[in-house]
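Look at the sequence and the model first, then read on.

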Amino acid sequence: MIKLVYPKGKLVAKTGNEVMAEAMRQIEPDVVAAYPITPATEIMQIFSQFIADGIVKTEYIAVESEHSAMSATIAASAAGARAMTGTSSQGLCLMWEMLYIASGLRLPIVMAEVNRAISAPINIHGDQSDTMGARDSGWIQIYSENSQEAYDNMIQAVRIAEKAKLPTLVTTDGFIISHCMEVVELYPDADVKAFIGKYKPERYLLDIKKPYTLGSIDLQDYYFEHRLQLAEAMKAAKNIILNVAQDFKKTFGREYELYEKYMLNDAEIAIVVIGSTAGTTKVVIKELRDKGIKAGLLKIRIFRPFPSEQIAKDLAHIKAIAVMDKADSCSGAFAPLYSDVVASLYAAGVTTPKIVNYVYGLGGREINISHIVNIYKSLNKIASGQQKPSTTIEYINVRKTKHSLFYKCE
Amino acid sequence: MVNLKDLSKNPERVTGGHRLCAGCGAGIVARQTLIAAGSTAVVVTSATGCLEVSTTIFPYTAWKNSFFHSAFENSAATCSGIEAAYKSLKKQGRISEDIRFIAFGGDGGTYDIGLQSLSGAMERGHRMLYICYNNEAYMNTGIQRSGATPKGAHTTTAPAGKICQGKEQNRKDLTQIMIAHNIPYVAQACVGNWNDFITKVQKALDVNGPSFINILTPCRLGWNYKPEDTMSLARLAVETCIWPSFEVENDVYKINVMPKEKKPVVEFLKPQGRFKHLFKQENAHILETIQKDIDKKWEILKYRASVNC
């Protein structure tokens, strides 16, 4: 339950989509371009009403596709505007080409993204396949456990993007956060505006006294250096994110890091997970701790840039780890989060933890307390040597597959 | 009509030294467009294509005004994003200058992959001029057929061969599609009729809303003709009425260049290597079809101009 942290804050009941729209209202970007692909997010409809009611002065471009949404947002940003958009699922897929261009041109766009499954089969419910598919596109990716985090992340994203000169997306889990009503603390408009500050681009197309060409063809003699700059910017963004979080804590009182450690320091078994499932996991951990089981959690907030070195340090002492992916990369090997966690540990010389990859919740399939309990049970057996860790992905709560950990239970 | 003496005082904003081919029509289109804009500040966007890659090889640029490119299919959406940013910053007093917005796209980036983006931008009513420099195929990518490629033309993806005689389908009439968007100004022009084109650009930039010009732009490589013939060849397209010069201003049609005598289309087709196979005896019927189609369309256009609708 969210409690008041900021003296001037107020508690309201809102859905994830509503709070993301609220954050956008307070940010009041110069330009927003968006398209309602199926599945569409409500965020843009709510924001459109703010415009229709004269609450914000944003120029809204109701484009004819998500490809154009990202194209127009990129162009507005290059022109010198603070530009935002929002999408989910298929829309993010359609933006794919332009996502790489946004980061390649180093444009500080902020996107409100709702994690929803991608076709086929068409589904519309929540999983993280959409943003996981965009993980190499050079966007900072910030995930949220609940509506409060989504709201806080949106506000921080503006500062992060503009300082890092990298586009940044903030996500919520489709339906679980986006459509559910929760108590959220909102901060006053003026305080949010003061926190994000005014956008002052170094160089922009509408500066006609300093005209410039952006989007040049960049051949063998320069391309690689520009891509390296992008890679370095992503690495450097970790400190920027931490600095913004520090300032956010100083201003509004809530604490954020690259990831959250929940009862991890003395844990023997741990789950690594992204998004709302972390909330369910915390409930389970409390119960297990009461029974004397040293369970812990590492919740990824920032997936890009990936907090590799830091994670390796914080997981080094864990005996058995479950890395839970709400997306499958269909690689014939492992899912995205697992691959990054294992690579991070190995690179840091951490080879003692036994690590299992679980894929869960595709297309909005339920993930509940009993599933998490079963994972911890299994981790306990692995930690004590009673069970060998699976060398392939364990799929949770899915029918007709002999790989499913829970198939036999059903 | 514009006056050459006045135009000569206008700044050159597309400089020499770009890497377009000798005789390329696209460079002429860009240069004349910017001359037409005079001293008005402009921001230019372009679809991926010859014009963009040849004028912006990093770290060089041929553009003295701001120029932006991001992808192939989105020149219009891109231009609309910049125009929206302009409206926002102007409203807030963060910029004071009057700026006009020009989007370029080749026929591939306009007729085909960029059509949705163009249609959306026109429907939304952004104040922008979209210029399609139409060289009737994907020339930058390797002379592949496009929706603008005329019937019978040889391209690398609809080549003339033992059983096929180039493109078998008619091109789509994009100018009519744009007219159907009910935007304030739509025109067709050709490279070579510089006064007609520059006048149209000036009219289009004065329109308080979206405008569109489809300019036939010979490509020396893809059309396979002598580079020094670019101007005269394009003018032949107007004189044979395969590409009439006309405009639709607030729903009223006007033919801008009325040929003194309508020449047979073969005069336009013959100098071009891409139509060479049509002049084999057994392909005479294709030439006949092309001529018939032109005659029909020309009569319709004349009728529309005569009844002012």
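Two strands pair if DSSP finds at least two bridges between them. Helices (H or I, at least four residues) and strands (E, at least two) are DSSP runs, numbered from the N terminus. This is a predicted model: local features need pLDDT of at least 70, side-chain atom pairs count only at pLDDT 80 or more, and totals for chains, interfaces and linings use all residues. Residues are numbered from 1 along each chain as its sequence is written, and chains are lettered from A and ligands numbered from 1 in the order in which they are written.

**Between the chains**

Strand β9 (residues 213–214) of chain A runs parallel to β2(B), joined to it by two bridges. A:Thr213 stands opposite B:Phe67 of β2(B).

In total, 38 residues of chain B are in contact (C-beta atoms, placed from the backbone, within 7 Å) with 38 residues of chain A. On the chain B side, the elements giving two or more residues are β1 (41–46), β2 (66–69), α4 (75–91) and α6 (115–124). The largest share, twelve residues, comes from α4(B).

**Inside chain A**

Helix α9 (residues 277–290) and helix α12 (residues 369–383) of chain A pack with their axes (lines fitted to C-alpha atoms over the stretch in contact) 9 Å apart, at an angle of about 55°. The contact includes A:Val284 of α9(A) and A:Tyr376 of α12(A).

**Residue classes**

Ala, Val, Leu, Ile, Met, Phe, Trp, Tyr, Cys and Pro count as nonpolar, Asp, Glu, Lys and Arg as charged, and the others, Gly among them, as polar.

| Side of chain B that touches chain A | 17 nonpolar residues | 16 polar residues | five charged residues |

Definitions and conventions. Two residues are in contact if their C-beta atoms, placed from the backbone, lie within 7 Å. Axes are lines fitted to C-alpha atoms, for helices over the stretch in contact, and angles run from 0 to 180 degrees between N-to-C directions.
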